[in-house]
Structures are given as C-alpha cells and as structure tokens.
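I opened the model to look up a few side-chain pairings. My notes follow.

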Amino acid sequence: MDKSSQETTTSVFIKILDKGFSINVPVSQEKLYREGYEALLARIGQHSKTHLPVEAVALASLDSIVALQRAQNQLKVLIGALEKQMDELDATLLEAL
C-alpha cells in the first residue's frame with residue numbers, strides 16, 4: 001500500500017474497569033469511536049446498578065451487538081423495499097417505451 005492511500009490516524013484513550021489503553025483509529029472515524037465509547041460507558045453504568053462490573057461490561061457489549069444486528073436487519077428491509085421500487089419503475093419505463 002502506498003503512502004498516498006494510507007489514512008492518518010489519531011489516538012483515542014479507552015478505559016474499561018481498571019484497564020486503560022490508547023488505540024489508533026483513522027482520523028475520519030475518531031468521532032465515532034469517542035461517541036461509541038461514551039455510549040458504551042452509559043450502558044455499563046445502567047447495567048452496573050444490578051450486576052457486577054464485569055457482567056455489566058459483557059451485557060453492555062451484548063447490547064451493542066444486538067443494536068448492530070437490528071440496524072443491519074432494518075437496512076436489509078430498506079434495501080429490499082428500494083429494490084422493489086426500482087423494479088416497478090423499470091417495468092413502468094419499459095411499458096412507456
């Protein structure tokens with residue numbers, strides 16, 4: 001890979017339980033990582049009210065995975081609906097010609 005196609009990275013600090021570390025992320029995605037980290041911390045805080053810390057982290061992580069799966073399923077439905085509309089538009093255009 002040549003240098004012109006490499007994206008600049010920045011460091012984002014993450015702390016889960018008592019472990020902190022920095023990760024290098026593409027600059028264009030820094031905001032997503034920071035917002036995702038804040039959302040994860042909020043979910044951990046919610047689960048911490050009724051679970052042990054490590055359980056709260058696991059449950060918050062599972063919440064994130066389920067949310068991604070739900071969004072992926074919604075996207076598939078949307079793409080299917082758009083494809084159906086495109087097919088109907090194609091059919092209408094063919095009839096008009």
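Leaving aside its neighbours within four places in sequence, which residues is His 47 in contact with? I found Ala 56, Leu 59, Ala 60 and Asp 63. Contact here means heavy atoms within 4.5 Å.

Before going on, I noted the ground rules. This is a predicted model, where local features need pLDDT of at least 70, side-chain atom pairs count only at pLDDT 80 or more, and totals for chains, interfaces and linings use all residues. Residues are numbered from 1 along each chain as its sequence is written, and side-chain values use heavy atoms, with hydrogens and water left out.

**Entry: His 47.** I placed His 47 in helix 1, residues 30–48. Helices (H or I, at least four residues) and strands (E, at least two) are DSSP runs, numbered from the N terminus. His 47 has a relative accessible area of 15%, so I logged it as buried. The cut-offs are under 20% for buried, over 50% for exposed, and partly exposed in between (1.4 Å probe, protein chains only). The side chain of His 47 also makes a polar contact of 2.6 Å with that of Asp 63. A polar contact is a pair of N or O atoms within 3.5 Å; within protein, one must be able to donate a hydrogen and the other to accept it, and residues adjacent in sequence count only if both atoms are side-chain atoms.

**Entry: salt bridges.** How many salt bridges does the structure hold? I count three. The term needs a side-chain nitrogen of Lys or Arg within 4 Å of a carboxyl oxygen of Asp or Glu.

Asp 63 turns up again, in a salt bridge with Arg 43 at 2.5 Å, N to O. This pair links distant parts of the chain: Arg 43 is in helix 1, Asp 63 is in helix 2 (residues 53–96), and they are 20 residues apart. I logged Arg 43 as partly exposed at 33%. Asp 63 is partly exposed too, at 24%.

Next I checked Arg 34 and Glu 30, whose side chains meet at 2.9 Å, N to O. They sit four residues apart in helix 1, so about one helical turn separates them. Arg 34 is partly exposed at 38%, and Glu 30 is partly exposed at 22%.

Lys 31 and Glu 35 form a salt bridge at 3.7 Å, N to O. Lys 31 is exposed at 59%, while Glu 35 is partly exposed at 44%.

Entry: I then looked at strand 1 (residues 9–16) and strand 2 (residues 19–26), which run antiparallel and are joined by eight bridges. Strands pair if DSSP finds at least two bridges between them. Ile 16 stands opposite Lys 19. Two residues lie between the strands, and Leu 17 in the turn has a positive phi of about 55°.
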